[in-house]
Structures are given as C-alpha cells and as structure tokens.
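Keep the viewer open as you read.

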Amino acid sequence: MSTTASDPLAALGSLPGVPDAVDSVRKAVDRVYGHRVMRRRSNEVTAEAALRGSRGSAALAGADWNLEEVRRRTDFSGEDEARVVGAALRLTAEAGQLLSIWRQSPLRVLARLHLVAAGGATPDDAVGRPRLAGERVDEPLIEAPLPGAEEVAGRLEGLSRLIIAGGSAPALVTAAVVHGELLALRPFGSHNGLVARTAERIVLIGSGLDPKSICPAEVGHAEQGRAAYVAAFEGYTAGTPEGMAAWIIHCGRSIELGVRESTAVCEALQRGAA
C-alpha cells in the first residue's frame with residue numbers, strides 16, 4: 001500500500017469502477033436500513049447478522065459449517081474447526097465494543113482482537129503482539145510472500161496513522177484497505193484472516209455506513225468463494241491501480257451480498273418465520 005500522497009485512501013476512491021461500487025454499496029445499505037422491520041426489531045437483525053458473519057469468516061478460515069450447526073453449538077473447544085468457529089464468534093461479539101479505541105489507537109484494537117481470537121490456544125508470549133523475526137505464521141488460505149517483522153512493524157504504524165488521521169475516503173475504500181493490508185502483513189502468528197475481516201467490520205460500523213452492524217461483509221466474502229477471495233486479494237498485493245480497484249470492488253460486492261442476507265432476515269421476521 002502506497003502512502004506517498006497526502007490522502008492515499010481518498011485517491012483510491014477515484015480508481016476505475018470504484019466510485020460505482022461505492023455508490024452501489026451505499027444504495028444497498030440504505031435500502032436495508034429503510035426496511036420496516038428495522039424500526040422495531042433491529043436488534044434481532046443485528047444478532048442474526050453477527051451469527052451469519054461469523055459463520056462466513058470461519059468458512060474462509062477453513063471451518064465451513066452449516067449455519068444451524070453454528071447456532072446450535074455451545075462448546076467450541078476441542079477440534080480445530082470448532083476453535084476457528086468459536087474464535088470468529090468471539091471476534092464478532094467484540095467488534096462493536098472497540099470503536100472508540102479504534103479511532104485513537106488501531107494497534108491496541110488489533111492486539112485485543114488477536115487476544116480474543118487466540119482464546120488461550122496460542123502461547124502467551126505470542127498473543128496480542130506482532131510476530132518477531134523468525135516466528136512461524138499459521139494462516140490457512142493466504143499463501144502470498146510473508147513480509148519480514150521489520151516491514152510489518154513499519155506498515156502497521158503507517159496504517160495506524162492513516163486511520164487516526166481520517167480523511168475523505170469512502171468507508172468501503174478504507175475498510176477494503178484495512179482488510180487487505182492485514183491479510184498481506186499477517187502480523188500475528190495465527191488468526192490473521194479472522195482479525196482482518198473483523199477489522200473490516202469495525203471500519204464499516206465506525207464510519208457510519210453500517211452503524212447497527214447489519215451488513216456482514218463476511219457473508220459475501222464466503223459466498224463469492226475462497227478462490228475469488230484469494231484472486232481479488234492478489235490484486236491488492238500486486239499494488240497496481242487495476243489490482244487495487246478489483247479488491248475494493250470485490251469487498252463492495254461482499255457488503256452487498258451481506259445486505260441481501262440481512263434483507264432476507266428482515267423479510268423472514270416480517271412474515272413471522274424467524
């Protein structure tokens with residue numbers, strides 16, 4: 001991610017196809033927020049979106065469980081897939097509690113997210129801090145070259161400065177860059193994909209685009225499939241204008257699919273079927 005311009009995130013918002021994606025996402029979000037169910041039962045929609053978003057994020061991390069199994073299960077210890085699903089659920093529950101800290105200290109939030117995700121499954125001295133030189137990274141799905149620890153520290157600091165400074169970039173662009181940068185860096189020894197997708201959620205909530213957290217992008221990322229997710233992410237790591245635009249547009253489509261999911265929830269609640 002280049003940070004040479006005074007507002008590099010805003011510059012990304014003008015890449016070909018990105019303004020249309022931003023507009024499409026905004027219209028989709030406005031439609032679901034305008035649904036009559038949201039006037040009376042928004043908390044139920046939020047809770048269902050959290051569950052479905054957690055399931056989607058876990059699926060991308062290799063634990064592709066049926067939604068009803070996630071809903072039914074109470075014990076997420078034991079096998080690896082159960083721990084992944086449990087981590088995704090804990091992260092989603094934590095996301096809304098960290099908004100004020102995110103605006104002031106994104107790195108503290110990322111450390112907290114890794115602590116929550118690890119849930120005691122990672123050695124204590126490796127939890128909640130960026131990895132050190134030579135430390136192993138256990139990250140399913142993402143096989144891009146792994147930046148060294150010194151580069152990770154520098155780029156995390158740069159990302160933090162951009163978030164704290166704010167700017168005029170659309171929420172979609174900021175969320176996509178935060179997500180992509182964390183995937184590219186894989187700053188922790190584990191759970192980086194889960195943390196990256198939770199950070200995307202935090203940006204979408206905190207920006208005001210999705211303040212009630214009813215538009216789970218994780219659902220859309222999972223629905224588009226792991227291959228499409230990886231292909232779009234490779235565009236981000238390439239760093240070309242075309243690649244960056246493709247990643248942002250992919251993230252936008254994921255939000256729209258999350259909106260579609262929550263719209264279906266609203267319709268079910270309206271019919272009395274859920």
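By class, the lining of the largest cavity has 5 nonpolar, 1 polar and 3 charged residues. Here Ala, Val, Leu, Ile, Met, Phe, Trp, Tyr, Cys and Pro count as nonpolar, Asp, Glu, Lys and Arg as charged, and the others, Gly among them, as polar. Before going further: this is a predicted model, where local features need pLDDT of at least 70, side-chain atom pairs count only at pLDDT 80 or more, and totals for chains, interfaces and linings use all residues. Residues are numbered from 1 along each chain as its sequence is written, and side-chain values use heavy atoms, with hydrogens and water left out.

So what's a cavity? On a 1 Å grid over the protein atoms alone, a cavity is a set of points where a 1.4 Å probe fits but cannot get out, while a pocket is an open set with protein on both sides within 12 Å along at least five of seven lines; lining residues have an atom within 4 Å of a point. Grid points are joined across faces, edges and corners, and a volume is the space filled by probe spheres set on the points.

The structure has 4 cavities of 30 Å³ or more, and the largest cavity holds about 40 Å³ of space. Its lining is made up of Arg201, Leu204, Ile205, Asp210, Ser213, Cys215, Pro216, Ala217 and Glu218. Two elements, α10 and α11 (217-224), each give two or more residues to that lining, and α10 gives the most, with 3 residues. Helices are DSSP runs (H or I, at least four residues), numbered from the N terminus.

Ser213, one of the lining residues, sits in the loop between α10 and α11. Ser213 touches Tyr33, Thr46, Ala49, Arg201 and Ile205, leaving out residues up to four places away in sequence; a contact means heavy atoms within 4.5 Å. Ser213 and Arg201 are 12 residues apart in sequence, and their C-alpha atoms are 7.7 Å apart in space.

Of its 16 lining residues, Ile163, Gly166, Thr174, Val203 and Ser207 are the closest to the centre. Elements α6, α8, α9 and α10 each give two or more residues to this lining, which divides into 10 nonpolar, 5 polar and 1 charged.

Pro106, Val109, Leu110, Leu113, His114, Val116, Ala117 and Ala118 of α7 are buried, meaning under 20% relative accessible area with a 1.4 Å probe and protein chains only. Their cover includes α5 (80-95), α6 (99-104), α8 (149-165), α9 (171-185) and α10 (192-206).

Leu110 is among the residues with the most contacts inside the largest nonpolar core, along with Trp102, Trp247 and Ile255. That core has 83 residues, and α9 supplies its largest share, 11 residues. A nonpolar core is a set of buried Ala, Val, Leu, Ile, Met, Phe, Trp, Tyr and Cys residues joined through side-chain atoms within 4.5 Å. Beyond its neighbours up to four places away in sequence, Leu110 touches Trp102, Leu156, Leu182, Phe188, Val195 and Ala199.

Most residues other than glycine have a negative phi. Arg186 and His191 both lie in the loop between α9 and α10. Just after α7, Gly119 takes a positive phi of about 55°.His191 is in contact with Ala87, His114, Ala117, Ala118, Asp138 and Glu139, leaving aside neighbours within four places in sequence.

| Residue | Relative accessible area |
|---|---|
| Arg186 | 3% |
| Ser213 | 10% |
| Leu67 | 16% |
| His191 | 18% |

Leu67 lies in helix α4 (residues 67-72). Leu67 touches Glu48, Leu51, Arg52 and Arg55, not counting residues up to four places away in sequence. Arg55 is 12 residues from Leu67 in sequence, with 6.6 Å between their C-alpha atoms.

Methods: Buried means under 20% relative accessible area, exposed over 50%, partly exposed in between (1.4 Å probe, protein chains only).
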